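Please keep the sequence and the coordinates at hand while reading.

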Amino acid sequence: MDNDCALCRAQNEDYRLVYKDAHCFCIANIEPLNEGHFMVLPTRHVCELGAFEPTELKAIHDLLHRLGKAIKKEYGHDVNIALNQGSNTSQDHVHFHILPSPCAFRHTMAKAHGLPSRVRGTAEQLSAMRDRLVRHL
């Protein structure tokens with residue numbers, strides 16, 4: 001635990017804490033986008049996805065799975081899950097947002113970025129995207 005990290009300290013805030021074990025914890029988001037917005041984090045202070053231990057990833061996956069079922073049962077919607085790390089976050093601690101949503105992630109992101117929800121890529125665009133990524137694997 002990094003005492004300078006607000007997200008590390010949040011695992012000790014009983015009013016937000018939903019679940020905690022040796023590898024991960026879940027808290028209510030302090031600035032919820034909607035009712036049922038939670039965050040899942042590694043218990044250890046981790047700053048990037050590549051720094052996870054396999055046991056942490058399994059524990060987080062299992063917790064997200066359990067939370068997804070519980071959120072759907074309680075709030076009546078399937079969940080969207082988003083990873084925040086690096087430049088995509090205001091906190092230097094990897095975390096996953098999980099929240100009920102009446103619409104698909106595609107529609108949520110398209111609306112947020114002012115883009116159409118569906119535009120089919122051409123074979124050339126998709127091939128170029130593939131090539132850019134494959135060279136790093």
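Which residue stands opposite Phe96 in strand 5? It is Leu83 that stands opposite Phe96.

## Basis of the description

The model is a predicted one, in which local features need pLDDT of at least 70 and side-chain atom pairs count only at pLDDT 80 or more, while totals for chains, interfaces and linings use all residues. Residues are numbered from 1 along each chain as its sequence is written, and side-chain values use heavy atoms, with hydrogens and water left out.

## Overall architecture

The chain holds 4 helices and 5 strands, taken as DSSP runs (H or I of at least four residues for helices, E of at least two for strands) and numbered from the N terminus. Along the sequence these elements follow the pattern α-β-β-β-α-β-β-α-α, and the C-alpha trace spans about 50 × 35 × 25 Å along its principal axes.

Of the 137 residues in the chain, 31% are buried, where buried means under 20% relative accessible area, exposed over 50% and partly exposed in between, with a 1.4 Å probe and protein chains only. Among contacts (heavy atoms within 4.5 Å) between residues at least 6 apart in sequence, 45% join residues at least 24 apart.

Strand 5 covers residues 95-100, and because 6 of its 6 residues are buried, it is largely enclosed by the rest of the structure. His95, His97 and Leu99 point one way from this strand, whereas Phe96, Ile98 and Pro100 point the other way.

Two strands are said to pair if DSSP finds at least two bridges between them. Strand 4 (residues 79-84) pairs with strand 5 in the antiparallel sense over 6 bridges, and strand 3 (residues 38-42) also pairs with strand 5 in the antiparallel sense, over 3 bridges. In the latter pairing, Phe38 has Ile98 of strand 5 as its bridge partner.

## Cysteines and a charge over a ring

A disulfide is a covalent bond between the sulfur atoms of two cysteines; the criterion applied here is a pair of cysteine sulfur atoms within 2.5 Å. A search of the whole structure finds 0 disulfides. Cys26 is in none, the nearest cysteine sulfur being that of Cys24 at 8.7 Å, and Cys26 counts as buried because its relative accessibility is 0%. Cys47 is likewise in no disulfide, with the sulfur of Cys5 the nearest cysteine sulfur at 7.6 Å, and Cys47 is partly exposed, at a relative accessible area of 32%.

Arg66 lies over the face of Tyr19, at 5.1 Å from the ring centre; such a placement requires NZ of Lys or CZ of Arg within 6 Å of the ring centre and within 35 degrees of the ring normal.
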